[in-house]
Amino acid sequence: MLDIREILTVGMVLFAVIDVVGTVPVIVDLRAKHGHIESEKASIVACLIMITFLFVGEELLNFIGIDVNSFAVAGSFVLFFLALEMILGIRIYRDEESSSASIVPIAFPLIAGAGTMTTLLSLRAQYATLNIIVAILLNIVVVYIVLKSSSKIERLLGKNGLGVVRKTFGVVLLAIAVKLFAANVKGLFL
């Protein structure tokens, strides 16, 4: 059943993890290096990756013998480190450069990366699947809008504005990581 509160909560978590506004400088840089970025293609591919992983991810975990609580606790650590990257402005995880920009690295791993996948399965342990799907779709709409207007957003917010947005969502993500850890760590010992 649709629950607006759950949709908003999951949507905010995914928005913070995807951090599409915080990646505007990366997107602008990729556009300068590779030319036109196909915003529609990147958004659709990222959406398909996230929804597919939402359904197949848990079965994959069961196949290799990992319960959802363990994955959620592990996911809370990933979110914790992503939040630290956002707040402190450091890079803990580094990707190799790619020659194609629309699918790799924008759709995967910038939008639908390891943090997003971990978050989806962690959220599935607490929220209804339908609400998660709606939140994914809402986030993809935002991602599409940001990809289409990334240069305008950069001019509007400026470098300092983008930094403030990124750090603010980093603090929110850090709080979510702590909550996710606390909610699932009990399940490891039962």
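Q: Where is Ser-43 found?
A: In this predicted model, Ser-43 belongs to helix α3, which covers residues 39-64.

Q: Is Ser-43 buried or exposed there?
A: Ser-43 is buried: its relative accessible area is 3%, and the cut-off for buried is under 20%.

Q: Which residues does Ser-43 touch, leaving out those up to four places away in sequence?
A: Ser-43 touches Ile-140, Val-143, Tyr-144 and Leu-147.

Q: Staying with α3, at what angle do α3 and α5 pack?
A: The angle between α3 and helix α5, residues 102-111, is about 40 degrees, and their axes lie 9 Å apart. That makes α3 oblique to α5.

Q: What is the handedness of that crossing of α3 and α5?
A: The crossing of α3 and α5 is right-handed.

Q: And which residues make the contact?
A: On the α3 side they are Lys-41, Ala-42, Val-45, Ala-46, Ile-49 and Met-50. On the α5 side they are Ser-102, Ile-103, Ile-106, Ala-107, Phe-108 and Ile-111.

Q: How many of the residues in the contact of α3 with α5 are nonpolar, polar or charged?
A: The contact of α3 with α5 has 10 nonpolar residues, 1 polar and 1 charged.

Q: Let us move to α1. How do α1 and α8 pack, in terms of angle and axes?
A: Helix α1 (residues 4-18) and helix α8 (residues 150-185) meet at an angle of about 120 degrees, and their axes are 9 Å apart. That makes α1 oblique to α8.

Q: Is the crossing of α1 and α8 left-handed or right-handed?
A: The crossing of α1 and α8 is left-handed.

Q: Which residues meet there, between α1 and α8?
A: From α1 come Met-12, Val-13, Phe-15, Ala-16 and Val-17, and from α8 come Phe-169, Leu-173 and Ile-176. By class, the contact of α1 with α8 has 8 nonpolar residues, with no polar and no charged ones.

Q: Which helix does Asn-184 lie in?
A: Asn-184 is part of helix α8.

Q: Buried or exposed, that Asn-184?
A: Asn-184 is buried, with 3% relative accessible area.

Q: What is Asn-184 in contact with, leaving aside its neighbours within four places in sequence?
A: Asn-184 is in contact with Asn-69, Ala-72, Val-73, Ala-125 and Gln-126.

Q: How many residues separate Asn-184 and Val-68 along the chain?
A: Asn-184 and Val-68 are 116 residues apart along the chain, while their C-alpha atoms are separated by 8.7 Å.

Q: Now the loops: where is Asp-19?
A: Asp-19 is in the loop between α1 and α2, the latter being 24-34. Asp-19 is buried, with a relative accessible area of 6%.

Q: And which residues is Asp-19 in contact with, again leaving aside neighbours within four places in sequence?
A: Asp-19 is in contact with Leu-14, Met-86 and Arg-166.

Q: New topic: how many aromatic pairs does a search of the whole structure find?
A: The search finds 2 aromatic pairs. One of them joins Phe-80 and Phe-81.

Q: What is the arrangement of Phe-80 and Phe-81?
A: The arrangement is edge-to-face, with 5.5 Å centre to centre and 80 degrees between the planes of Phe-80 and Phe-81. The angle of 80 degrees is over 60, so the pair counts as edge-to-face.

Q: What are the relative accessible areas of Phe-80 and Phe-81?
A: Phe-80 is partly exposed at 32%, and Phe-81 counts as partly exposed at 40%.

Notes. Residues numbered from 1 in each chain as written. Predicted model: local features only at pLDDT ≥ 70, side-chain atom pairs only at ≥ 80, totals over all residues. Heavy atoms only, no water. Axes fitted to C-alpha atoms, helices over the stretch in contact; angles between N-to-C directions. Helix = DSSP H or I, 4+ residues; strand = E, 2+ residues; numbered from the N terminus. Parallel < 35°, antiparallel > 145°, perpendicular 65-115°, else oblique. Left-handed = near helix turned anticlockwise from the far one by under 90°. Contact = heavy atoms within 4.5 Å. Nonpolar A, V, L, I, M, F, W, Y, C, P; charged D, E, K, R; others polar. Buried < 20%, exposed > 50% of the residue type's maximum accessible area, 1.4 Å probe, protein only. Phe/Tyr/Trp six-rings, centres within 6.5 Å; stacked < 30°, edge-to-face > 60°.
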